[in-house]
Amino acid sequence: MSWKASFQQGISNFKRNKHSEALAFFNEAISLGCDSFIVYDSRAAVHEKLGNNKAALLDAKKVVDTAPDRWQGYARSARLFHALNKDEAAIKMIDLALERIKPDDAQRRQELNALKSQATDAFKAADERRRARIAKTAYHIGKLPVEIFAEIFSLVVAADHAQILKLSHVCKHWRGIAIKTPSLWQTLVVSKNRPIRKVRLWMERARTNISNLSFHHNISEMDWPSILLELSSLSWCGLRSLAASGSLFSRLYELLHQLSKTEAISRLEHLDVTGCPGFERFLPDFEDSHLDTLKVANFTPSMGRLWSRVHRLKTMTIEAGWVEILPALRANQSLENLMLSDLVPIPMQSGDDDRAELSNLQCLKLFNIASVSMITRVVVAPNLQVLHLFSIGHSSDVLEFARANPLRALRELRVGSCTTTASSLNIIIAGAPLLETLQISGIHGVVNDVLDFICGTHPNDQHQDVCAFLKHVDLSSCGDLLTRNAYSLVKTRLRTDQPVTVDVGQPGCRVEIESLRLDGCPLMEAEMLPWFRSKVKVFSCVYMTKKEGKQRR
């Protein structure tokens with residue numbers, strides 16, 4: 001039998017939808033030596049009907065190879081690619097088929113153009129789905145160079161050193177970068193929770209280059225020897241910050257002495273020590289100290305010799321103890337922040353030169369100091385911006401400080417639980433034209449007169465605008481605060497009640513109150529609270545806490 005007879009039998013069966021029988025005859029024709037593109041195209045049509053798209057594509061490729069100038073192979077390939085959702089390839093095949101169809105064959109051109117439109121729409125839809133899937137699942141940040149990745153991590157850790165633990169637990173990639181970047185592990189905080197293991201791990205990941213070392217006070221003394229042993233290999237000359245209790249600081253000093261590295265003390269920039277007996281024996285190692293920040297608790301008179309060696313402080317915090325304040329301030333006239341609490345100032349013999357000029361001082365915080373005048377009378381701070389006075393004996397003593405040097409740059413004043421008078425506070429407020437934040441809390445018999453003064457009910461002699469820039473007010477725990485005074489404070493500063501020109505620099509123009517806290521003020525009238533909430537962005541008036549409410553029941 002010749003291949004033509006088999007081919008005709010195949011065509012006959014195909015027309016009668018007997019696709020399996022037609023396939024057998026087409027296979028037989030090819031096996032008899034037929035190499036015509038018509039036979040392969042016919043068999044491709046049978047495979048397409050039977051759903052054998054891959055086999056049909058193979059035959060369509062054979063048609064293209066055998067008759068590259070004919071359109072049949074390209075057209076069938078296009079339909080098959082579209083059925084297989086390979087629309088980009090289908091569009092290419094359609095274009096090739098259109099190039100080979102005669103110009104007057106309008107019907108086939110129309111069919112192929114319709115197929116091309118379907119394939120194009122399907123391709124665009126598939127591309128949109130792909131982009132959406134990539135947007136949800138693609139790991140774009142993983143393409144960043146390791147150096148940029150490490151720099152981003154450094155910015156996060158600089159704000160909060162504890163974030164390194166979260167960063168190292170996000171994924172394997174992040175963990176690998178975090179562990180291999182020693183600079184991310186330079187802050188070591190040792191607590192009672194497995195301290196020895198943590199020190200060993202941080203030393204390994206930081207490659208012994210710890211720059212910030214801090215010890216919690218709850219570490220068991222039984223762990224100290226093992227901790228110090230792990231720290232013996234530390235690059236001590238790179239240590240810049242140290243926080244420890246006095247006893248542990250002494251043990252650390254002994255370790256440095258054994259290692260002949262006591263010069264690390266003078267290289268420190270930040271030091272936080274709590275209760276250190278025998279501190280005077282460490283003083284020689286503070287010679288030419290680089291200390292920028294010093295925090296000491298339980299200060300003793302013998303520690304006063306420190307000021308002959310420490311001259312570069314910008315932040316000083318002293319909590320509890322006895323201190324001669326003037327030598328400390330004179331030795332560090334670049335101070336920017338001074339915080340003193342629970343102190344007993346040691347009196348000094350007064351002289352002609354008994355004041356310290358602190359032109360850089362911006363923040364002064366005094367807590368629980370009985371003889372506060374012994375501090376304020378020696379301080380000259382023309383650029384002071386923040387002043388906190390809490391639980392001090394007689395805050396009227398601050399008047400000497402404010403009268404001699406009006407606080408022209410003051411922006412924040414907080415006074416609480418003090419024995420003071422309204423006239424004392426009014427003098428301070430009158431000398432602070434840039435004041436933005438005012439807190440008066442836990443003081444009786446003062447707040448109403450102060451508000452009258454600020455609102456202009458009782459104007460001062462110069463009739464100047466008081467606190468034109470005041471935005472934030474906290475009058476919590478003032479049991480005698482009257483609603484009318486709080487109302488006047490807010491009302492007189494509303495834009496609708498001021499001149500049309502609301503330039504704060506103009507006389508009579510003041511900024512609106514943005515936050516007002518009146519917690520623990522029982523005389524505030526409840527029916528006025530909705531008005532306050534509608535006029536002030538942040539308003540709080542809690543008469544009593546839940547705990548106090550339960551106690552009163």
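## A quick tour: cavities and rings

Searching the whole structure, which is a predicted model, turns up two cavities of 30 Å³ or more. Let's visit the second largest cavity, with a volume of about 60 Å³.

**Stop 1: the cavity.** Select Trp-236, Leu-239, Leu-242, Phe-249, Leu-252, Tyr-253, Leu-256, Ala-264, Ile-265 and Leu-268, and you have the lining of the second largest cavity. Which helix gives the most to this lining? That's α13, with four residues. Colour α13 (246–258) and α14 (264–267) too: each supplies at least two lining residues. What classes of residue do you see in the lining? Ten are nonpolar, with no polar and no charged ones.

Stop 2: Now for the rings: the whole structure has eleven aromatic pairs. Pick Phe-367 and Phe-390, a stacked pair with 5.7 Å centre to centre and 10 degrees between the planes. Phe-367 belongs to strand β9 (residues 363–367) and Phe-390 to strand β11 (residues 386–390), so this pair ties together parts 23 residues apart in sequence.

**Stop 3: charges over rings.** Finally, show Lys-198, which lies over the face of Trp-202, 5.0 Å from the ring centre. Then select Arg-205: its charged end sits over the ring of Trp-185, 4.7 Å from the centre.

Note on methods:
Residues are numbered from 1 along each chain as its sequence is written. This is a predicted model: local features need pLDDT of at least 70, side-chain atom pairs count only at pLDDT 80 or more; totals for chains, interfaces and linings use all residues. Side-chain values use heavy atoms; hydrogens and water are left out. On a 1 Å grid over the protein atoms alone, a cavity is a set of points where a 1.4 Å probe fits but cannot get out, and a pocket is an open set with protein on both sides within 12 Å along at least five of seven lines; lining residues have an atom within 4 Å of a point. Grid points are joined across faces, edges and corners, and a volume is the space filled by probe spheres set on the points. Ala, Val, Leu, Ile, Met, Phe, Trp, Tyr, Cys and Pro count as nonpolar, Asp, Glu, Lys and Arg as charged, and the others, Gly among them, as polar. Rings of Phe, Tyr and Trp (its six-membered ring) pair if their centres lie within 6.5 Å; planes under 30 degrees apart count as stacked, over 60 as edge-to-face and the rest as tilted. A charge sits over a ring if NZ of Lys or CZ of Arg is within 6 Å of the ring centre and within 35 degrees of the ring normal.
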